[in-house]
Each structure stands twice: as structure tokens, then as C-alpha cells.
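User: I am new to this structure. Please walk me through a few of its features, one question at a time.

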Amino acid sequence: MTTSEKITASDAGTWRLGDLSVHRMGFGAMRLPQHGAAFGADATPSDRDRAIGVLRRAVELGVNHIDTAAFYFSRLRSANELINRALAPYPEDLVITTKVGPGRDHTGEWVWADTPRELRGQVEENIRQLGRDHLDVVNLRTRGNRSIAELFGALAELRDAGLIRHLGVSNVTPEQLAEARAIAPVVCVQNPYGIGAADGDALLRLCGEAGIAFVPFYAIAGAGREAGAGGAGPAESPELLAVAEAHDASPAQIRLAWTLSRGPHVLAIPGTGNPDHLTANVAAGALKLTDEELARLEALHRGGERGGDTQPS
């Protein structure tokens, strides 16, 4: 498909996160700090200038929704600090979404915020790294099926205090979403989802009915997870490859187009440190699949071509 510079993120349409309007094609910062799989202790740090260039190019292409986290870092690079260096002073329409709950210590080992005090510390760390006075959207990243009332309530208090503008949740069940909504408004749900992860369909529909943005992660990578598209996952199916060939597109572009086809409330946040992949990802927002192609991909989806994942992202 074409990757003409005339195509911008606005071609994917828009949605609102509370009172913030964003283009449905966004950008995920997880892959910016390193080459190869994210979070690996031996991952090679990314080239700083190249990463900064990718971020600036994303904004030039109309991206105004960036997903990040303080735990997105390699030995020498931090996604938040790269965003700060590349884009501050920030464009007025730029929405930066971050997540709290999981964290990593100085050795890279995973830790979790299990108390309101620890959660506040994570919020403040994101604010410091991004160089802002408040955060646009903060997702509470959960683990397991336990109650999220205490921690989400703590975030609601930080919102009331002006440190956070809007709240979201990540990796949640429908029951946890209902629990959060009883405490404060939820503007987005960020869960693993993509072709083959049909167990996420019910929550996607629930979000649509409630006017909540559904923001899948690993939509391109699938089973490849932190390794990215073509990482640890299985080979692409013949059905998906045939659709890609019909559009002169990559499988990743078809996955993105399919993601956006799931509803006007579905946002995409593909991540890359490669400027060519960035351009291709944005161009996928203008790709229109036919009814027949959507039916073929729906059959593939229902067949469980790839499952979801519940690791931090």
C-alpha cells in the first residue's frame, strides 16, 4: 500500500479520551529505548538521535497520542526522557498516556506498587521524567483478578489533586472495569488484543457501549510480545498473507487496519524505533479492508490464530 507523506494519523479518524481528542492511530514508546526485545537485561540501547527523530517524525505525521511508562527503559535509555527531549515544549494537542502499577528497579527487576504511597511515587516519577506538571491519562495496570478498588481510588485522589487529568485501566476483567467505574470515570481500557485473541471481544464491545476507548497492546506483535512483530510468535497465516498481498501491504499493516475496524472507539498504539516502520504504521490507518476480507480475518480471529498475553507492557 502507499506510504505517501500525504497520509497522516488523522486518516484513521479521531476519538476522545475524556475532553482530549486524539487520532486513532497513535504511537507506543515501549520499543524506543532498545533494539530487539523490550525489558531484556542484555538489550542493546537504541541510538538516541534516531529515537528522538522517530518521535519527532511521529508528531509530523499527525500522531497526537503517545503511550509510555516510566518502566520503559534500557541500560542507557528511558522512553519518558526521550519523549521529553524530543517533544518538549509539547504541542498543545499532544496527549501522553502512561501506566502505573508495575515498575522496575535499577537492576531492571520487576516490582509492583501495592500501596497508594508507592503508586503516588510512580505517578510523580512519570511527571518528573516527562517534565510536566500533570499527566494527561494514567492507566492502572493490574495483575490477577484481585480487587483494584484501593489503588484505583488512590489514583482518583491524585486526579482530584490535579496530578492526573484522566484515568484508565489496563489488563483488566469486566468485573475490575466495573469496580473502577464505580469510583471514578474511566476513559480507556488497555488490554492485550489482536487477531486470534477472541476472548477479548466481550470487553471490546462493553467499552464501545460505554463510550470508553479500547486500546489494544501487542496488536501487531501477537505472541511475539516484547520481541515485536516476527519475534517469538508463529509464522503468519496464509489467509492474512493473502489479504496483505491484495493491498501490497505488510502483515503488520493488515493487523493494524483490522484493529481499527473493530469499532470507532478502538485506538492503535503500534511501537517502533524504525522510521520506515513508523511511516508504514501510520499509513495503515488509511487502509480500508473489504467486507470479504474482514470476513476472512474474522474467521481467522475466531480460530484463535494468536492468543493474548498478560505480561507488563
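Analyst: Helices H7 and H8 are roughly perpendicular to each other, a term for angles of 65 to 115 degrees. This is a predicted model: local features need pLDDT of at least 70, side-chain atom pairs count only at pLDDT 80 or more, and totals for chains, interfaces and linings use all residues. Residues are numbered from 1 along each chain as its sequence is written, and side-chain values use heavy atoms, leaving out hydrogens and water.

User: At what angle do the axes of helix H7 and helix H8 cross?

Analyst: Helices here are DSSP runs (H or I, at least four residues) and strands are E runs of at least two, numbered from the N terminus. Axes are lines fitted to C-alpha atoms, for helices over the stretch in contact, with angles from 0 to 180 degrees between N-to-C directions. The axes of H7 (residues 238-246) and H8 (residues 251-261) come within 9 Å, and they cross at roughly 95 degrees.

User: Which residues make the contact between H7 and H8?

Analyst: Contact means heavy atoms within 4.5 Å. H7 supplies Leu 240, Leu 241, Val 243 and Ala 244, while H8 supplies Pro 251, Ile 254 and Arg 255.

User: Where is Asp 248, and is Asp 248 buried or exposed?

Analyst: Asp 248 lies in the loop between H7 and H8. Its phi is near 50 degrees, a positive value in a residue other than glycine. Buried means under 20% relative accessible area, exposed over 50%, partly exposed in between (1.4 Å probe, protein chains only). At 63% relative accessibility, Asp 248 counts as exposed.

User: Why do the buried residues of H5 line one face of the helix?

Analyst: Helix H5 (residues 174-181) has Gln 176, Leu 177 and Ala 180 buried. The arc is taken from the directions from the helix axis to the C-beta atoms. Seen down the axis of H5, the buried residues line one face because they fall within an arc of 105 degrees.

User: What do the buried residues of H5 pack against?

Analyst: Both helices and strands take part. The partners are helix H4 (149-160), strand S11 (164-170), strand S12 (188-190) and helix H6 (201-210).

User: How many disulfides does the structure hold?

Analyst: A disulfide is a pair of cysteine sulfur atoms within 2.5 Å. The sulfur of Cys 207 is 9.1 Å from the closest cysteine sulfur, in Cys 188, too far for a bond. Cys 188 is buried at 2% relative accessible area, and Cys 207 is buried at 0%. The number of disulfides is zero.

Conventions. Angles under 35 degrees count as roughly parallel, over 145 as roughly antiparallel, 65 to 115 as roughly perpendicular and the rest as oblique.
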